[in-house]
Amino acid sequence: MNGRHHIVVGVIILVFIVMAGRLFQVQLVEKKYRITADNNAFKYETHYPARGRILDRNGEVLVGNKVSYDIMVTPYDVQEFDTLTFCQIFDLDTSFVHEKFREYKRFRRKIGYQTLPFKKQVSSQQYNQFIEKSFLFPGFTGVPRSMRVYPVEGGGNLYGYISEVDAAFLKNHPEYKSGDYVGKTGMEEAYEEILRGEKGYAIYIRDAHNRIKGHYEGGAYDKVATAGTDVITTIDGNLQAYGEQLMKNKVGSLVAIEPSTGEILTMVSSPGVDVSQLAEINKYYGELVTNPYKPMYNRAVMSPQPPGSVFKLVNGLIGLQEGVITPESRYPCNYGYTVGNLHLGCHGHRSPLDLRESIMMSCNAYYCYVLRAIIDNPRYGSVREGFERWKQYTESFGFGTKLGTDIPGEKAGTMPTAERYDRIHGKNRWKSLSIISLSIGQGEIGCTPMHLANLCATLANRGWYYTPHLQKETPENPIDERFKERHYTMVDTTHFQTIVEGMEMAINYTGGGATATIARIPGVVACGKTGTAQNPHGDDHSVFITFAPKDDPKIAVVAYVENGGFGATWAAPIASLLVEKYLNGEVERTELEKRVLEGNLMHKVKVKR
C-alpha cells in the first residue's frame, strides 16, 4: 500500500509539472497561440504591399501602380447603420448590402471575428466621403491597396492581368488567402513570385467592452508589408507601342528579337486586350471572352499556323547539310512542279534558278526537288528513314517543340510523324511525293510566330539562337541559366551564308524578280523572306521574316497577318517599318506607313459570331 501511495503521488506531481510547464509555454513563451483570427481579444488589419512594377529595357514604366482602396468589414463589430447613405457613397444597391449580411449570418461561425473585403477598389472620392462619415458605419474600415496603371498604350497580352484568387486557386496555393490578388496571365503570371511582395499586418487588442485599446504588445507582433520587386523586361516600350499601331485592325502577330541575346524587343498579338481594360479586368472579362476575335488569346505563342514559304529556308539548309544540293544547284520551274497527276503551282519567273535565286524569287518547284532529294537520299534505307532524319533537322531549329520561353501558355506547334503518315496513307505506303507540301511549309507542319521569329534570329546568327525571353538580367533578378545557353542547329554554320545572301537579294536585288523589294529600308542592308501560307478558310496568310543589318544584326522580326494575302502585301511592310523605326529612330517611308496604319483587314477574317 505504501508503494502504491508513492506511485500515485508521483504521477499527480508529474501531471501538475507537465501542465504547469505547458501553461507557462503557451501563456508566456508561445504567445503566437493567442494571436489567432478567432480570438475575440484581437483585431487584425491586413496591410497589402505595393506590387512590383514592370519596366522596359530603358527603365520606362510599362506597368505601374496607383493607390486605390478596399472597404473592409468585421461582421462581428457591425451595428445598425445608415444603409441608404452607405449605398449612396459607393453607388450600391441596397439589395447588395442585405445579401452580403445574410451571407455573413449564414457563415457566422466560420467567419468569427475576421475582417473581410466588402467593396474593392473604390475611388479616392468615394473613400474620402466614407472617411468623413465613418462614425456612421461601425465595423467598416478602409484599407489602401495598389492598383495597376499602364503609361504605355498597348501590350495588354504581353503584360497580362491580376485578379482576386478564387476557391480553386486557394485549394492548390495555401500561401494565398481570400482577398489576395495574383497574376493570371502574361508577365504578371510568369513573374508572380517576384512582383507580389509580402503582406503585413497590425494586431490590436480589445477591452472587455470590445473597444480597441491599441497595438498588441506595443506593436511587437505587427509586421510591415514588403513591396514587390520591380521586373525589368527586354521590351522596348516605344517599339512595342509602334508595333501595336502597325497591327491595329489586323489579326495576327508581330514579334521582334535581339539575335545576339534572345531578348524579345516587341511582342504584339492583335487584336489584343486594351490596357485600359486590364486594371478592371472583372468588369470587362465577359466582353473579352465572348469577343469572336479572341483578344485574350496570345497569338504570338499560342497560335500554330503553317509557316508557308518562309520554311523553304530550312529545307534549303538541310539540303546543303545533306549534300544533296550546292549553292549552284539549278532546277527548272514551269509555273510549278508536276509529276504525273500531281501539280504544285508557282508564280511566273525565269527558269532555271540556283539556290540564292530560288530564295529571292520564292520558287515552289525548286524546293519540291530539294525535299525529294532529302527524303529519297540513297544513304538512307527507306523513305521513312529519310523523313525521320529530316524531322530531326527541323526540330533542331526549335520547330515542333516548346522553345522554353518565359511566356505562359507557349505552344509547341505541330510536327508530322511517320506514324501519322502511316495512318493517312497506310503503313510504309507513302513516298516523298505524298508529303511534298512540306517543301513549301504547308501540310502537317504548324508553328507559332515565336518559332518564326526564333528562326529569323537563328539565320541572323548564322546557325544558333538563345531561347527568347522577356526578363532582362539584373544583379537583383538574374535570368534563368537556360536563357544563356546557345542552341546550335544540326546544320553547319558555314551553310548559312548562302541562305543569307538569298535573303538579301529578296529585298535589295534590282535586276527584277525579287519578292520583297517593298521591305527596302533607307540606309540599311536588310535580309528577308516572304511567305504566303495557304488557308482553306479564306484569304491566304501574309508572312514575312527579316533581320538587319545584314552583317551586324540588331533585330530579327516576323510579321504574321492572318488573311493578309501575299507576304509582300502586308507582312513585309509591317515588319520592315518596325525595323526602320528601331534602327533609324524615325520612318522615312511615310506613304507606306500611312497605308499600313490605315489598313483594316478585320472583315477578311472569318469568325464565329
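Residues are numbered from 1 along each chain as its sequence is written, and side-chain values use heavy atoms, with hydrogens and water left out. Because the model is predicted, local features need pLDDT of at least 70 and side-chain atom pairs count only at pLDDT 80 or more, while totals for chains, interfaces and linings use all residues.

Helices and strands are DSSP runs, numbered from the N terminus (helices: H or I, at least four residues; strands: E, at least two). Strands of a sheet pair through backbone hydrogen bonds, either parallel or antiparallel. Here two strands count as paired if DSSP finds at least two bridges between them. An open sheet of 5 strands has the order 12-11-19-18-17. Its pairing is antiparallel. Strand 12 (263-270) and strand 17 (527-533) stand at the edges. Each has a single partner strand, so one side of each is left without a neighbour in the sheet. From one strand to the next, the twist averages 5°. Such angles run from 0 to 180 degrees between N-to-C directions, and axes are lines fitted to C-alpha atoms, for helices over the stretch in contact.

Within this sheet, strand 11 (residues 252-258) and strand 19 (residues 555-561) run antiparallel and are joined by 6 bridges. Ile257 stands opposite Ala556 in strand 19. Val255 has Val558 of strand 19 as its bridge partner. Strand 18 is also antiparallel to strand 19, with 7 bridges between them. Thr546 faces Val557 of strand 19 as its opposite residue. Strand 18 and strand 19 form a hairpin, with 6 residues between them.

Contact here means heavy atoms within 4.5 Å. Helix 10 (residues 237-246) touches strand 11, strand 12 and strand 19. The direction of helix 10 makes about 25° with that of strand 12. Helix 21 (residues 571-584) touches strand 11, strand 12, strand 18 (541-548) and strand 19. Its direction makes about 150° with that of strand 19. Burial was assigned from relative accessible area (buried under 20%, exposed over 50%, partly exposed in between; 1.4 Å probe, protein chains only).

A second open sheet has 3 strands in the order 1-8-9, with antiparallel pairing. Strand 1 (42-47) and strand 9 (212-215) are the edge strands, and each pairs on one side only. The twist of this sheet averages 30° from one strand to the next. Strand 8 (residues 200-206) pairs with strand 9 over 3 bridges, in the antiparallel sense. Tyr204 has His215 of strand 9 as its bridge partner.

The axes of helix 14 (residues 312-322) and helix 20 (residues 496-508) come within 10 Å and cross at roughly 145°. Leu313, Gly316, Leu317 and Leu320 of helix 14 meet Phe496, Ile499 and Met503 of helix 20.

Ser439 is found in the loop between helix 18 and helix 19. It is buried, with a relative accessible area of 0%. Ser439 and Asn315 are 124 residues apart in sequence, yet 6.8 Å apart in space, C-alpha to C-alpha. Leaving aside residues up to four places away in sequence, Ser439 touches Lys312, Asn315, Tyr367, Cys368 and Leu371.

Aromatic rings were then paired. Rings of Phe, Tyr and Trp (its six-membered ring) pair if their centres lie within 6.5 Å; planes under 30 degrees apart count as stacked, over 60 as edge-to-face and the rest as tilted. By this rule the count comes to 31 aromatic pairs. Tyr150 and Tyr159 form a stacked pair, 6.4 Å centre to centre with 15° between the planes. Tyr150 counts as buried at 14% relative accessibility, and Tyr159 at 0%. Phe387 and Trp430 form an edge-to-face pair, 5.6 Å centre to centre with 90° between the planes. Phe387 lies in helix 17 (residues 383-396) and Trp430 in the loop between helix 18 (418-425) and helix 19 (449-460), so the pair ties together parts that are 43 residues apart in sequence. Both Phe387 and Trp430 are buried.
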